[in-house]
Structure formats: structure tokens, C-alpha cells
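Subject: Structure handover

Hi there,

Here is the structure I promised to pass on to you. My notes follow just below it, so please read them with the model open.

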Amino acid sequence: MGTAELNNTKKELVGWIQSLTDDSTLSLLNFVKLSIEDKSADWWEELTETDRINILRGIKDYQQGESMESSEFWEGLNNG
């Protein structure tokens, strides 16, 4: 990923995070952040069962090729 694309992705993520109102999504993102910073022993254990199921479902979808590039997602979102 090039520098310009990386900066654009960061801006999109910041905007998305600022618009979030769902506590569970914000908690999940915070646990990921803390785990990267090595401030949480095991963020997985702190997730709700629903969050774990959703993450595992996403991994399974990815492994089965049922995923899309972020550019496809944003294009579809923009085109309604």
C-alpha cells in the first residue's frame, strides 16, 4: 500500500471511528489498540461472545474467499 493510499485509509478510518455510536464496536477497537500496545493480557478474553462469533465468522468468510477489497466496499457504498 502506497503512502498516499495509506494516508487516505487512515483518514477514512478516523472519520468512521468518530461517527461510531455502537459501544461494542468501540470496545472491540479499543481492545485491538491495547493489544497492539501490549497493555492488555488477552483482548480476546475480554470480548463479548457475540464479538467473538462475528470475528470468527469474518475470518471464515475471508478464508472461503467471501470478501472484497475496501475500494469495492466504498465504491458500492458511494453508489448506493
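Buried means under 20% relative accessible area, exposed means over 50%, and partly exposed is in between (1.4 Å probe, protein chains only). A salt bridge needs a side-chain nitrogen of Lys or Arg within 4 Å of a carboxyl oxygen of Asp or Glu.

Before going further, please keep in mind that this is a predicted model, where local features need pLDDT of at least 70 and side-chain atom pairs count only at pLDDT 80 or more, although totals for chains, interfaces and linings use all residues. Residues are numbered from 1 along each chain as its sequence is written, and side-chain values use heavy atoms, with hydrogens and water left out.

Back to Asp51, which sits in helix α4, residues 49-63 (helices are DSSP runs of H or I with at least four residues, numbered from the N terminus). Its side chain does have a polar partner: the side chain of Ser24, at 3.4 Å. A polar contact is a pair of N or O atoms within 3.5 Å; within protein, one must be able to donate a hydrogen and the other to accept it, and residues adjacent in sequence count only if both atoms are side-chain atoms.

Now for the salt bridges, of which the structure holds 2. One joins Glu49 to Arg52, with the closest N and O atoms 3.6 Å apart. Both residues lie in helix α4, 3 residues apart, or about one turn of the helix. Glu49 is partly exposed at 48% relative accessibility, whereas Arg52 counts as buried at 17%. The other pairs Lys33 with Glu37, and there the closest N and O atoms are 3.1 Å apart. Lys33 is partly exposed at 42%, and Glu37 is partly exposed at 36%.

On to the pockets. On a 1 Å grid over the protein atoms alone, a pocket is an open set of points where a 1.4 Å probe fits, with protein on both sides within 12 Å along at least five of seven lines, and lining residues have an atom within 4 Å of a point. Grid points are joined across faces, edges and corners, and a volume is the space filled by probe spheres set on the points.

The largest pocket has a volume of about 300 Å³, and Leu28, Ile55 and Gly58 line it. The second largest pocket holds about 240 Å³. Its lining includes Thr9, Glu12, Trp16, Met68 and Phe73. Helices α1 and α5 (70-78) each supply at least two lining residues, with the largest share, 4 residues, coming from α1. The lining divides into 5 nonpolar, 2 polar and 2 charged residues (Ala, Val, Leu, Ile, Met, Phe, Trp, Tyr, Cys and Pro count as nonpolar, Asp, Glu, Lys and Arg as charged, and the others, Gly among them, as polar).

Glu12 belongs to helix α1, residues 3-19, and is partly exposed at 30% relative accessible area. Its C-alpha atom is 15 Å from that of Gly76, 64 residues apart along the chain.

Best wishes
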